[in-house]
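The following paragraphs lead the reader through one protein structure, from its overall make-up to particular residues and pairs. Please keep the sequence and the model in view while reading.

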Amino acid sequence: MSLNYQVFDEGELTSKSFRNKPVQSLNQLFESPLVSALMVTRGKLDFVKRAIKLFENQSWLNKELIIISDNKNDEIMKLINESNEKIQFHLAPNGLTLGNLRNISISVSKGEFICQWDDDDLYHRDRILSMMNVLRESNADVAFLSQWLMYWISKKQLALSSKRIWEGSVIMKRSASITYPSLKKGEDTIVVNHQIKKHKIALVHAPHLYTYCITGSNTWDVNHAERLFENSQIYSPSEADKIKRQLDYFSKI
């Protein structure tokens, strides 16, 4: 599989355009650094179970999943104990903001690289592997997707997003991480705005790697979801079915 990406040196992202550069190889790196997938969750069992399964299915071998939640229950701990992967659960105090919780997840993780792993979204098995290959080839500090798929579950509606930096798709060197502001939402946008000024950024065109799901319990409300879909390419039912068949991770819904 060949991926296209663009690279921007620090401060250049808003002022320069570069030709796409292909990544031809999707092989496991000879030296595979540990990647920490960081998941903040309210503890909804169906979401957690699916997120763990999608993590287990990742083709990148050297990985850990860090789960941060203020809701600890026996069912979640059973899922973790039955997994053959490195998964840690950390109980957070009640009342912390999403930004605070993300900071905790970074502080307890061990990976040289870290990525966001939201429990209500869907991930291609090569998500980590693909983005790590881009970071290797580009020598960038941070990589994002320039588009991703969006799926409104209750409406069974699939769309291709507009082009922008999609914050949730991030994978980065630990050295490029910063403290999240103590906000309930929008915390990652502030971090991204800092990163594009201070770090070398790769924007990857591979929307199939990540599907953002509208579940009815997202951080942002339904009005936000409607605005996203208004600015996206909505697939017809037949097109959506074809894409979902090709991307078998939809079977996890």
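A residue is called buried when its relative accessible area is under 20%, exposed when that area is over 50%, and partly exposed in between, with a 1.4 Å probe and protein chains only. The model is predicted, so local features need pLDDT of at least 70 and side-chain atom pairs count only at pLDDT 80 or more, while totals for chains, interfaces and linings use all residues. Residues are numbered from 1 along each chain as its sequence is written, and side-chain values use heavy atoms, with hydrogens and water left out.

The protein as a whole comes first. It has seven helices and 14 strands; these are DSSP runs numbered from the N terminus, helices being H or I with at least four residues and strands being E with at least two. Of its 253 residues, 55% count as buried. The accessible surface comes to about 12200 Å², and 47% of this belongs to carbon and sulfur atoms; such areas come from the Shrake-Rupley method with a 1.4 Å probe, and for residues only the protein chains shown count as cover. A contact means heavy atoms within 4.5 Å. Among the contacts with a separation of 6 or more, 73% are between residues 24 or more positions apart.

Helix H1 covers residues 45-56. Its twelve residues reach 16 Å from the first C-alpha to the last, close to the 16 Å expected at 1.5 Å a residue, where the expected span is 1.5 Å times one less than the number of residues. Phe47, Val48, Arg50, Ala51, Ile52, Leu54 and Phe55 of H1 are buried. The cover over these buried residues includes strands S3 (35-40), S4 (63-69), S5 (86-91) and S7 (122-123), together with helix H2 (74-82).

Isoleucine 67 is found in strand S4 and counts as buried because its relative accessibility is 0%. Leaving aside neighbours within four places in sequence, isoleucine 67 is in contact with Met39, Thr41, Ile52, Ile80, Ile87, Gln88, Phe89 and His90. One of these, isoleucine 87, is 20 residues away in sequence, and the two C-alpha atoms are 7.5 Å apart. Aspartate 119 is found in the loop between S6 and S7, and its relative accessibility of 9% places it among the buried residues. With neighbours within four places again set aside, aspartate 119 is in contact with Met39, Thr41, Arg42, Phe47, Val48, Arg50 and Ala51. Aspartate 119 and alanine 51 are 68 residues apart in sequence, yet 5.1 Å apart from C-alpha to C-alpha.

Which residues of helix H7 (residues 237-246) are buried? They are Ala240, Ile243 and Lys244. Seen down the axis of H7, these buried residues fall within an arc of 100°, so they line one face of the helix; the arc is that of the directions from the helix axis to the C-beta atoms. They pack against strands S9 (149-152) and S10 (157-160). The face turned away from the buried side carries the exposed residues Ser238, Arg245 and Gln246.

Charged pairs come next. Side chains of opposite charge can pair when their charged atoms come close. A salt bridge is a side-chain nitrogen of Lys or Arg within 4 Å of a carboxyl oxygen of Asp or Glu, and by this rule the count comes to nine. In one of them, the side chains of lysine 78 and glutamate 82 meet at 2.5 Å, N to O. Both residues lie in helix H2, four residues apart, about one turn of the helix, and both are exposed. Another salt bridge joins aspartate 118 and arginine 102 (3.7 Å, N to O). This pair links distant parts of the chain, with aspartate 118 in the loop between strand S6 (113-116) and S7, and arginine 102 in helix H3 (residues 98-108), 16 residues apart. Aspartate 118 is buried at 15% relative accessibility, and arginine 102 is buried with a relative accessible area of 7%. In a further salt bridge, arginine 164 meets glutamate 167 (2.7 Å, N to O). Arginine 164 is partly exposed at 34%, whereas glutamate 167 counts as buried at 11%.
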